[in-house]
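Please read the following report alongside the sequence and the coordinates.

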Amino acid sequence: MGGFPITYADRIRTLPPYLFAAIDEMKRKAIDRGMDIINLGIGDPDLPTPTPIIDRLKQAVDDPKHHQYPSYDGMLSFRTAVANWYQRRFGVQADPTSEIVTLIGSKEGIGHVPLAFINPGDVVLIPSPGYPVYPVATSFAGGTPYFMPLVKQHGFLPDLEAIPNDVAQNAKLMFLNSPNNPTSVVADKAFFQRVVNFAREHHIIVCHDAAYTEIYYDGKRPPSFLEADGAKEVGIEFHSLSKTFNMTGWRIGFAVGNRDVIGGLGKVKTNIDSGVFQAIQEAGITALESDDQLTDGLRAIYQERRDVLVPGLQGLGLTLDNPPAAFYVWIEVPKGFTSASFTAHLIEHAGIVTTPGNGFGEPGEGYIRMTVTTPKERLSEAVERIKKVGW
Ligand SMILES: *Cc1c(COP(=O)(O)O)cnc(C)c1O
């Protein structure tokens, strides 16, 4: 039997190396040395899915009508629950039959949307640092990423005026993400309005990733992109039940907005996947309908943790802003360090795992990201350890 060399397609062969492999290696070494590791690197809620959601799944799973293929767009009852939630939460109306699609987690929709709209050579505007799926999905579709740097001088928001005119003219799609991963910065309605105007002028489809709108602090609810006037004429918004309801493992999210954009995404999906298990959509309805009852407590927990970690780190002399939302803390590395060397320093000497900012894109160099998806006792322990080892 003769074998032959299996070769990857260029689209995956040319992917950048997995940056976190180096961190995993350092983590393993620290564990081997008997170190107690505090993992502030992961963006996955540590708390369980609320009981009412689990109970609804248990009931639904017994019903044979859910055992068959779901509808491609998602159950109308789920999409109606989404529409009601949007109305309640943002004052935004959406037609469940044409302006909403159920997703297998929002990552799935983000990963697929360029396939619907990008031809080879089309430019996609992408915030950097940012969620790695935006550039990867762009290049899988043959598009060319143009990175909009998120820098301190510009409040970590994309500077639309700095986008060269020829780039804007060739751009077909723009990804945005507020509340932001990794910076936790929230865009206001005025910024979204500028995005809508820019998108109209240059005919750019806006895809706003809103995975963190429900994780906010001090009672200040972040707006939806769709609250801006005319937003539905230019784009869609991705949402996820993952972070809001501690459901990362369940794989359910949705997109809302422009019917032609939703339609294009739906067309790709129809040809690639077969939707979300209906019992999970039933559980999703319970989540969306219970909403604040389930999420108020969660926000209180994250806020308590943030209020341990952020002042603690600031007290040590580190430079960081108090995040208004999301569960990330974006920290400048001290003088003399890079993102990589400070990450290594914290693992090796303090047993604290963080994420180097440049892992989210070159403009993230000079920062590290910590998460508050760890109990507050561990966060104050982390602060104590950094105090002891210094830098
Ligand atoms: C977690 C996350 C998502 C998506 O999560 P799903 O579980 O796929 O819904 C999307 N965008 C950002 C920025 C995230 O951090």
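The sections below treat the basis of the model, the sheet, and the helices.

## Basis

This is a predicted model, in which local features need pLDDT of at least 70 and side-chain atom pairs count only at pLDDT 80 or more, while totals for chains, interfaces and linings use all residues. Residues are numbered from 1 along each chain as its sequence is written, and side-chain values use heavy atoms, with hydrogens and water left out.

## The sheet

Seven strands form an open sheet with mixed pairing, in the order E2-E8-E7-E6-E5-E3-E4; strands (E, at least two residues) and helices (H or I, at least four) are DSSP runs numbered from the N terminus, and two strands pair if DSSP finds at least two bridges between them. The edges are strand E2 (100-103) and strand E4 (144-149), each of which pairs on one side only.

Strand E5 (residues 171-177) pairs with strand E6 (residues 205-209) in the parallel sense over five bridges, and Phe175 has Cys207 in E6 as its bridge partner. Helix H6 (residues 133-140) packs on the sheet, touching strand E3 (123-128), E4, E5 and E6, where contact means heavy atoms within 4.5 Å.

## Two packed helices

Helix H14 (residues 339-350) packs against helix H15 (residues 376-389) at an angle of about 95 degrees, with the axes 10 Å apart; axes are lines fitted to C-alpha atoms, for helices over the stretch in contact, and angles run from 0 to 180 degrees between N-to-C directions. H14 and H15 are therefore roughly perpendicular, a class covering 65 to 115 degrees. The contact involves His345, Leu346, His349 and Ala350 of H14, together with Arg385, Ile386 and Val389 of H15.

How values were computed: Angles under 35 degrees count as roughly parallel, over 145 as roughly antiparallel, 65 to 115 as roughly perpendicular and the rest as oblique.
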